[in-house]
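Here's a quick briefing to read alongside the structure. Keep the sequence and the 3D view open as you go.

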Amino acid sequence: MEVGIIGLPQSGKTTLFNALTGSDAQTGAYSSGRSAQHTAVVDVADPRVDLLSAMFSPRKTTRAKVQFTDVSGAGAGNGERQGLDQQTLNALSRCDALVLVVRDFASEIAPHPDGSVDAPRDLASLRLELLLSDLGIVERRIERIEQGLRKSRSTEKAALEHELALMHRLAAALEAETPLTDVDLTDDEALLIRGFQFLTAKPSLVILNIGEGDPLPEDLDWANGHRHSLPLALHGSLEMEIAQLPADEKAEFLAGYGIAEPGLSRLVREAYGLLGLMSFFTVGEDEVRAWTVRRGAHAVEAAGTIHSDLARGFIRAEVISYDDMISSQTLAKARSLGRLRLEGKDYPVQDGDILNIRFNV
């Protein structure tokens with residue numbers, strides 16, 4: 001799963017990407033208007049993995065992961081709108097969710113391209129770029145359907161007319177500046193438009209990038225207001241400083257500032273959740289590992305995530321919840337207390353379940 005990071009020029013999104021991924025991506029390409037992308041895979045911070053690893057002392061600990069891609073900035077600023085170039089649109093369309101970075105800090109070194117800091121204005125501008133991209137795709141599709149209707153057989157017309165009506169509904173929503181994630185769709189309609197990879201149909205996380213000395217805002221409702229969208233405020237430059245510290249110094253720094261965890265850890269978890277993902281675990285002396293599946297996945301699907309042979313030869317899944325595992329302390333005690341249970345293929349795996357797959361191939 002891939003999360004795309006996008007923001008207007010000088011929003012600090014590449015600083016955020018560097019802090020998030022431990023990378024050293026340069027910002028020159030963005031400020032010069034050239035398209036560029038940087039990609040890195042990030043561990044999902046999950047204290048449950050830490051506790052399970054301490055309990056089993058495995059030779060290896062593996063965390064869930066999310067891929068982030070830093071995509072060149074949208075071309076707005078100085079009163080002129082350049083829009084998103086095709087390379088940027090292609091990169092964003094491949095992503096499963098988007099992080100929209102909005103600037104809310106002043107800087108003499110990197111002044112705002114529009115001459116003033118106005119986070120609501122910048123977020124509206126960035127969202128408008130995504131709306132315009134989707135509207136262009138819808139309008140081109142409407143033209144093609146209308147051309148196809150003139151040449152189509154009678155057996156094809158009903159399907160084309162249904163799609164045309166849907167596209168007109170989407171166009172009306174976009175023209176009213178309503179993202180497609182807010183449009184009510186049937187399951188069939190959602191499936192029909194999936195291949196278009198509309199940007200405003202993707203879940204999004206709005207990051208308000210504030211100055212190091214500024215307090216975290218209490219009210220971010222203005223940055224939300226859409227389905228499958230979540231706002232979060234971070235001190236981007238401070239997060240980068242924290243990310244560059246050695247592990248022992250990082251813990252001391254966080255404690256000194258009274259910070260429970262880096263904001264970036266929450267960002268990764270929230271992005272993971274926005275993707276509709278959850279973790280289940282396998283445990284043992286060899287490895288404690290977090291595996292990623294979609295929410296609502298059945299046991300046989302989780303087995304296939306580990307290895308295709310486990311799904312093919314699936315017999316039963318031995319399951320214990322994370323909370324029951326922690327309270328039991330050992331698998332032997334959990335078994336004696338009856339907290340380990342056997343489930344079949346159709347068991348809906350819960351976030352944090354610990355699984356042992358019984359199979360035969």
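What is the mean pLDDT of the chain? The mean is 87, and 93% of the residues reach 70 or more; pLDDT is the predictor's confidence in each residue, on a scale from 0 to 100. This is a predicted model, so local features need pLDDT of at least 70 and side-chain atom pairs count only at pLDDT 80 or more, while totals for chains, interfaces and linings use all residues. Residues are numbered from 1 along each chain as its sequence is written, and side-chain values use heavy atoms, with hydrogens and water left out.

**The overall picture**

- The chain has 14 helices and 14 strands; these are DSSP runs, numbered from the N terminus, with helices being H or I over at least four residues and strands being E over at least two.
- Its C-alpha atoms fill a box of roughly 65 × 65 × 35 Å, taken along the principal axes.
- Of the 361 residues in the chain, 45% are buried. Buried means under 20% relative accessible area, exposed means over 50%, and partly exposed is in between (1.4 Å probe, protein chains only).
- Take the contacts in the chain with a separation of 6 or more: 68% of them join residues 24 or more positions apart. A contact means heavy atoms within 4.5 Å.

- Confidence is highest in helix α11 (residues 299-306), at a mean of 97, and lowest in helix α2 (residues 28-31), at 48.
- Over residues 28-32, pLDDT stays under 50, and the model has 12 contacts beyond four places in sequence for them.

- Which residues of helix α3 (residues 47-56) are buried? They're Arg 48, Val 49, Leu 52, Ser 53 and Phe 56.
- An α-helix has 3.6 residues a turn, so residues three or four places apart point the same way.
- On the face turned away from the buried side of α3, you'll find the exposed residues Pro 47 and Ala 54.
- Among the elements covering the buried residues of α3 are β3 (60-62), β10 (277-282), β11 (287-294) and α13 (322-328).

**Positive phi angles**

- Just after α3, Ser 57 takes a positive phi of about 45°.
- Gln 10 isn't a glycine, yet has a positive phi of about 65°. Gln 10 lies in the loop between β1 (2-7) and α1 (13-21) and is partly exposed, with a relative accessible area of 34%.
- Gln 329 has a positive phi too, near 80°. You'll find Gln 329 in the loop between α13 and α14, where this residue is partly exposed at 45% relative accessibility.

**A glycine in helix α5**

- Is Gly 136 buried or exposed? Gly 136 lies in helix α5 and is buried, with a relative accessible area of 17%.
- Gly 136 and Gly 296 are 160 residues apart along the chain, and their C-alpha atoms are separated by 34 Å.
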